[in-house]
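Me: I want to go through this model and ask what stands behind each label. Keep the answers brisk.

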2 protein chains.
Amino acid sequence: MKFTIQRDQLMESVQDVMKAISSRTTIPILTGMKVEATEHGVKLTGSNSDISIESFIPIEQNGIVYVENIQPGSIVLQAKYFPDIVRKLPQQTVELEVDDHANVSVRSGSAEFHLNGQDAEEYPLLPQVQAEQSFELPIDLLKGLIRQTVFAVSTSETRPILTGVNMIVENGELQFVATDSHRLASRKIPMQENANNVSFQNVVIPGKSLTELNKILADSQETIEISVTENQILFRTQHLYFLSRLLDGNYPETSRLIPDQTKTMIQVDTKELLHSIDRAALLAKENRNSVVKLTTRTNNQIEISSNSPEVGKVEEEFQAESLEGEDLKISFSAKYMMDALKVMDTEKVNIQFTGAMRPFLIRPMDNDEILQLILPVRTY
Amino acid sequence: MKFTIQRDQLMESVQDVMKAISSRTTIPILTGMKVEATEHGVKLTGSNSDISIESFIPIEQNGIVYVENIQPGSIVLQAKYFPDIVRKLPQQTVELEVDDHANVSVRSGSAEFHLNGQDAEEYPLLPQVQAEQSFELPIDLLKGLIRQTVFAVSTSETRPILTGVNMIVENGELQFVATDSHRLASRKIPMQENANNVSFQNVVIPGKSLTELNKILADSQETIEISVTENQILFRTQHLYFLSRLLDGNYPETSRLIPDQTKTMIQVDTKELLHSIDRAALLAKENRNSVVKLTTRTNNQIEISSNSPEVGKVEEEFQAESLEGEDLKISFSAKYMMDALKVMDTEKVNIQFTGAMRPFLIRPMDNDEILQLILPVRTY
């Protein structure tokens with residue numbers, strides 16, 4: 001195998017597939033990165049027990065040549081060293097050559113690296129996805145869905161199913177839901193027309209897979225194809241192939257958690273509330289999820305406060321846009337509230353309370369696509 | 001005590017004195033920050049067993065008012081929370097007020113923090129420096145002296161004296177020397193005229209103190225005053241007072257380590273050599289100080305290489321500006337060599353070798369102020 005490639009393109013692909021490569025794996029060859037050259041370009045592959053990533057560098061794109069002088073072939077490189085080598089090469093052009101004994105030479109300018117490769121035959125084949133259900137969506141929108149829900153997955157393995165995001169397609173709507181049983185994040189969007197025959201309820205994607213996918217995908221209005229099988233999900237763009245296993249088990253029915261009545265409703269400036277809670281949380285660092293208190297006052301004033309006897313206390317009042325219903329005094333995790341407010345893209349939010357002991361809802365001011373639910377904390 | 005202060009100035013001073021405050025101290029009150037208001041301004045103090053820092057915010061500077069409405073007094077605040085509080089306050093103006101029971105209120109906009117303070121009477125008094133020897137120097141130059149030597153101090157407590165930088169004033173010259181016994185870094189500059197009566201050989205400043213001082217001092221051509229007593233050193237600028245203890249013991253005589261003959265001398269481009277060694281070191285990550293080899297070739301060519309049997313090898317040749325004397329093959333720590341080259345401010349450097357087993361010297365191309373010495377590594 002032999003080819004000459006542009007370093008920047010190689011670096012980008014290497015960084016993408018590295019997200020699937022772990023040095024802690026029970027299958028030694030998976031600590032490596034597979035490099036495959038064909039007449040169409042160069043494909044890099046990384047894989048672990050949860051996800052597999054393929055990144056393809058075409059010989060040319062938009063008239064710019066990325067790969068030249070290709071002699072087809074494949075090899076597995078030690079992934080521990082390869083990214084640093086590529087980053088530090090002195091020239092923009094990199095030549096990679098493999099001899100019959102899996103000796104790899106990487107040349108750039110006057111620098112020459114000789115690496116011990118491994119036979120690509122020993123690298124496991126990625127499962128072929130026989131897509132049962134498949135639909136498309138703009139990359140931007142997918143990144144939004146991930147960002148607005150994935151933070152709420154559980155980090156504990158007590159109920160493994162809650163470490164994933166539930167993806168639901170039903171009645172022409174796509175919904176992402178995540179909950180760690182103390183809070184819930186959900187976003188629902190209308191499906192595009194081409195997906196009318198798709199429908200499923202119990203697809204649960206590991207939160208970590210979505211976090212990695214979100215890092216790899218660049219903001220773009222191009223589309224990504226999502227294909228679902230019984231135990232795998234494939235995300236595919238023009239040059240990227242991202243395969244994740246799905247979680248086993250039944251995702252709990254979450255819609256019944258949403259309270260259907262409201263006793264107090266406030267509308268506030270998103271950033272003002274966020275910063276105020278951030279400050280109130282400062283003195284409560286000791287508790288893992290520092291607890292703050294929200295109290296309604298007269299004249300649409302809201303008070304945010306916290307008290308930590310050894311250090312001191314914080315109080316802050318600000319003006320809500322509107323404040324309706326019963327008086328309220330409620331305590332909640334500052335972290336959960338900040339997580340929820342940070343992913344609200346609207347300037348103002350609606351918060352609906354049903355008493356101090358019942359979960360409350362945060363929604364954007366002008367649409368119902370996003371819903372964040374938080375359970376209050378009992379304070380005596 | 002009461003005053004109103006500009007948040008940015010307060011933040012800057014808080015960050016400076018925080019460098020002397022440790023949460024691990026045997027004297028509990030030293031986990032706090034002393035705040036003192038007088039009619040001239042506000043002084044913050046932090047201290048640990050090695051260094052003490054005072055930062056002063058004057059009531060006004062260059063016509064800009066920093067502090068107003070002062071009622072003199074002092075208090076000790078818990079340093080764990082105060083920096084975050086100041087950073088996150090909503091307005092540019094901050095009001096700090098202390099009542100008779102050491103209750104502190106910090107107000108900014110509608111946010112109000114109530115903190116438990118401690119009586120400032122319990123805060124230890126900083127030692128008064130009776131300056132025996134004192135001189136001045138531009139801040140820029142001091143920062144250069146620190147940066148070019150402090151990296152070479154020992155990190156091991158086997159010989160505590162080597163964890164410091166030896167500051168020598170002699171014959172109208174000021175020199176900083178650091179060595180960990182595997183390498184040595186030195187810079188010597190002519191003293192300014194006002195310091196003719198200053199002279200000492202055995203002042204050893206803890207490396208950590210100098211590193212912190214370097215972080216606090218902003219690049220500037222203003223002068224800093226350095227005063228030395230038997231066991232302390234004081235660095236003083238207009239609004240900063242930085243006191244460090246000195247290390248006990250005799251700093252070894254280092255001048256006899258410098259070889260006085262040369263067998264091979266090369267002149268090379270600093271960055272070219274640095275990057276080449278950086279690449280060669282990549283495959284040798286396993287060894288703590290990855291060892292690389294330098295070999296002289298014909299036609300002024302230098303080869304940098306490394307070999308790590310399990311991973312592979314790297315070779316790179318480049319053109320020296322000049323190459324004189326015996327052929328040479330020498331191995332050394334890539335880290336030490338890179339540390340030394342990084343602080344060379346000249347485009348080209350001279351390297352003088354006295355055989356493969358003897359220390360070698362790196363100097364800037366056109367002056368003798370900076371000298372870096374590195375011991376080679378035996379490879380069989």
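Me: Start with the sheet. How do you know that β20 and β26 of chain A are paired?
Reply: This is a predicted model. In it, 6 bridges join β20 (residues 264-269) to β26 (residues 348-353) of chain A. Pairing takes at least two bridges. So the two strands count as paired, and they run antiparallel. One facing pair is A:Ile266, which stands opposite A:Ile351.

Me: Which strands make up the sheet that holds them, and in what order?
Reply: The open sheet in chain A has 9 strands, in the order β16-β13-β14-β15-β28-β27-β26-β20-β24. Their pairing is antiparallel. The average twist is 20° from one strand to the next.

Me: What makes β16 and β24 of chain A edge strands?
Reply: Each of them pairs on one side only. They span residues 200-206 and 322-325.

Me: Which helices of chain A lie on these strands, and at what angles?
Reply: Helix α3 (residues 139-147) of chain A lies across β14 (173-179) and β15 (183-190), running at about 160° to β15(A). Helix α4 (residues 207-216) of chain A packs on the sheet and touches β13, β14 and β16. The direction of α4 makes about 70° with that of β16(A).

Me: Which residues of α3 in chain B are buried, and what covers them?
Reply: They are B:Ile139, B:Leu142, B:Lys143, B:Gly144, B:Leu145 and B:Ile146. The cover includes β12, β14, β15, α4, β17 and β18 of chain B.

Me: Why is B:Ser220 called buried?
Reply: Its relative accessibility is 17%. Buried means under 20%. B:Ser220 therefore counts as buried. The residue sits in the loop between α4 (207-216) and β17 (223-228) of chain B. Leaving out residues up to four places away in sequence, B:Ser220 touches B:Ile139 and B:Asp140.

Me: What makes the approach of B:Ser220 to B:Glu222 a polar contact?
Reply: The side chain of B:Ser220 reaches the backbone nitrogen of B:Glu222 at 2.8 Å. The limit for N or O pairs is within 3.5 Å. The distance therefore meets the cut-off.

Me: And A:Ser108: buried or exposed?
Reply: Buried, because its relative accessible area is 2% and the cut-off is under 20%. A:Ser108 lies in strand β10 (residues 103-108) of chain A. A polar atom of its side chain is 3.0 Å from the backbone nitrogen of A:Gln91. Residues up to four places away in sequence aside, A:Ser108 touches A:Leu89, A:Pro90, A:Gln91 and A:Thr93.

Me: What makes β22 of chain B largely enclosed?
Reply: 7 of its 8 residues are buried, so the rest of the structure largely encloses β22 (residues 301-308). Strand β21 (residues 291-296) of chain B joins β22(B) through 4 antiparallel bridges. There B:Thr296 stands opposite B:Ile302. Strand β23 (residues 312-319) of chain B joins β22(B) through 8 bridges, also antiparallel. B:Ile304 faces B:Glu316 in β23(B).

Me: How many residues separate the strands in these hairpins?
Reply: The hairpin of β21(B) and β22(B) has 4 residues between the strands, and B:Asn299 takes a positive phi near 55°. The hairpin of β22(B) and β23(B) has 3 residues between them.

Me: Why is β26 of chain B described as largely enclosed?
Reply: Because 5 of the 6 residues of β26 (residues 348-353) of chain B are buried. B:Gln352 in β26(B) stands opposite B:Met265 and opposite B:Leu361 in β27(B). β26(B) and β27(B) are joined by 4 antiparallel bridges. They form a hairpin with 6 residues between them, where B:Gly355 in the turn has a positive phi of about 95°.

Me: How do you know that the two chains are related as by a two-fold rotation axis?
Reply: Chain B can be laid on chain A by a turn of 180° and a shift of 0.0 Å along the axis, with an RMSD of 0.0 Å. The copies are therefore related as by a two-fold rotation axis. In chain B, the C-alpha nearest the axis belongs to B:Lys215, 17 Å from it.

Me: What shows that the same surface serves both copies?
Reply: 100% of the contact residues of chain B recur in chain A. The contact involves 30 residues of chain B and 30 residues of chain A.

Me: How much area do the chains bury, and which three residues of chain B supply more than any other three?
Reply: Chain B and chain A bury about 2900 Å² between them, 51% of it on carbon and sulfur atoms. The three are B:Tyr81, B:Lys88 and B:Arg279, with 21% of the area that chain B buries against chain A.

Methods:
Residues are numbered from 1 along each chain as its sequence is written. Chains are lettered from A and ligands numbered from 1 in the order in which they are written. This is a predicted model: local features need pLDDT of at least 70, side-chain atom pairs count only at pLDDT 80 or more; totals for chains, interfaces and linings use all residues. Side-chain values use heavy atoms; hydrogens and water are left out. Axes are lines fitted to C-alpha atoms, for helices over the stretch in contact, and angles run from 0 to 180 degrees between N-to-C directions. Contact means heavy atoms within 4.5 Å. Buried means under 20% relative accessible area, exposed over 50%, partly exposed in between (1.4 Å probe, protein chains only). A polar contact is a pair of N or O atoms within 3.5 Å; within protein, one must be able to donate a hydrogen and the other to accept it, and residues adjacent in sequence count only if both atoms are side-chain atoms. Copies are superposed by least squares on the C-alpha atoms of residues with pLDDT of at least 70 in both. Buried area is the accessible area (1.4 Å probe) that two parts lose on being put together, summed over both.
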